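Morning, everyone. I have one structure to walk through today. Please keep the viewer open while I talk.

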Amino acid sequence: MRKEILQRTALSRRQLAKTAAAAGLALVTMPVVMKPAQSAGGVTYLTWSGYELEGFHTPFIEKYGGPPDFAIFANQEEAVQKVNGGFTPDLVHPCSETVIRWRQADLIQPFDLSKIDAWDDIWPDLKGLKNASDDQGNVFFIPWEWGNSSILYRTDMVDVEEESWNMMFDERYAGKISMYNEAAAAVEIAAQALGYTNIFTLDDTQLEEVKKMLVKQREISRFYWNSQSEVEQAMSSGEIVIAYAWNDALLNLTEQGIPVKYAVPKEGIRTWVCGLVHTNVGTADTQAVYDCINSMLSVGSGVSLMTEFGYGHSNSKAFAEVDPAVLESLGIADPTKIMSTSIFLEGEEPPYDQLYIKIYEDVMAGL
């Protein structure tokens, strides 16, 4: 069951959303609202497909007799557009790099932190994300889950002197490397390999060097992947030995007995964070909304998230309730260490978003 959920989640929120974004597309459809047998608390929760597990909402279900109403979106731009167009959820589940879009559209309100039971238990590094709060200290984003994007490699086939993003450009493994087919990730990783620290705001000179790196990568890559199952199958067979991957691939391949390792590059591992925003258009009772939030931030919810999805939870206390071997297999056994060197994904604001897409598309077209 866990693997089915991971695969379904990867397809809906990573492959579909990011591939569409890379192509400059916005998949816009009316959110599907899934009403529970008993509408609980009147709370409507707009989220990614696959996040309807009752284990994420147990305290809420116990209090209200059922889960919140779920509405599903395919990608984050769709979510913003739908709420801006009149849809009225109470809570939405975006990732941190798009919180600025919600704030600029004046669709969300700050949280009352006194009503967030686990606020003091949230990992400190997850509280200080860009655009999550304003200059007055108002908090607009509550982190809920996080995961890593890094280099997965076969330890029996790759000679590693130093874990670095330059592994993705190592000519010794030409024809054995696979990169994710996504513009921003490709440009940012090339920039990290070059030692740039302003990876979300690269200037023209830096972008010229990045393009050279991407051309080099194109020449030595076996393929660019769209679904992580492609990576797992190819790495299992030895077709590829180095790939950009999400942390759940480490668990899936390890369970198959494949000797793999998830790198912590010297330039910083890439960490994404998703969570909750409280809209100013919802109609649910405020107490019910905060009960829903607190349910998702509970230790039990965290255990379900980590054991069912393979992602890290924002509540630090949840980690003590998960088998250390499981955390190790997911590459999240030491969150403090990971976050201290992480590059938290911010997303590119205009005009950088379009510049990155154009460079990537030019490289793929051989221009």
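Start with helix α9. Six residues here are buried: D248, A249, L250, L251, N252 and L253. Buried means under 20% relative accessible area; exposed means over 50%, and partly exposed is in between, with a 1.4 Å probe and protein chains only. Helix α9 covers residues 248-255, and six of its eight residues are buried, so the helix is mostly covered. Helices are DSSP runs of H or I with at least four residues, strands are runs of E with at least two, and both are numbered from the N terminus. After α9 comes G257, with a positive phi near 85°.

Now the ground rules. This is a predicted model: local features need pLDDT of at least 70, side-chain atom pairs count only at pLDDT 80 or more, and totals for chains, interfaces and linings use all residues. Residues are numbered from 1 along each chain as its sequence is written, and side-chain values use heavy atoms, with hydrogens and water left out.

Next, confidence. pLDDT is the predictor's confidence in each residue, from 0 to 100. The mean for the protein chain is 88. Of its residues, 89% reach 70 or more. Where does pLDDT stay under 50? One stretch is residues 1-32. Another is residues 34-39. The model has 87 contacts beyond four places in sequence for residues 1-32, and 13 for residues 34-39. A contact means heavy atoms within 4.5 Å. Where pLDDT is low, the predicted coordinates should not be read in detail.

Back to α9 and its partner. Helix α8 is residues 228-237. How do α8 and α9 pack? The angle is about 40°, and the axes are 10 Å apart. That makes α8 oblique to α9. Axes are lines fitted to C-alpha atoms, for helices over the stretch in contact, and angles run from 0 to 180 degrees between N-to-C directions. Under 35 degrees counts as roughly parallel, over 145 as roughly antiparallel, 65 to 115 as roughly perpendicular, and the rest as oblique. From α8, the contact uses Q228, E232, M235 and S236. From α9, it uses D248, A249, N252 and L253.

What else does α8 touch? Its buried residues are Q228, V231, E232, A234 and M235. They pack against β6, β8, β9 (242-246), α9 and β10 (260-262). Following α8 is G238, with a positive phi near 90°.

Strand β8 is next, residues 221-225. Four of its five residues are buried, so β8 is mostly covered. Strand β7, residues 177-180, runs parallel to β8, and four bridges join the two. Strands pair if DSSP finds at least two bridges between them.

Last, the backbone. Most residues other than glycine have a negative phi, and most peptide bonds are trans. D106 has a positive phi near 55°. It sits in the loop between α4 (99-104) and β5 (108-109). N131 also has a positive phi, about 70°. Its loop lies between α5 (124-127) and β6 (142-154). Buried or exposed? D106 counts as exposed because its relative accessibility is 56%. N131 counts as buried because its value is 18%.

Finally, P350 and P351 are joined by a cis peptide bond, with omega about 5°. P351 is in the loop between β13 (343-344) and α14 (352-364).
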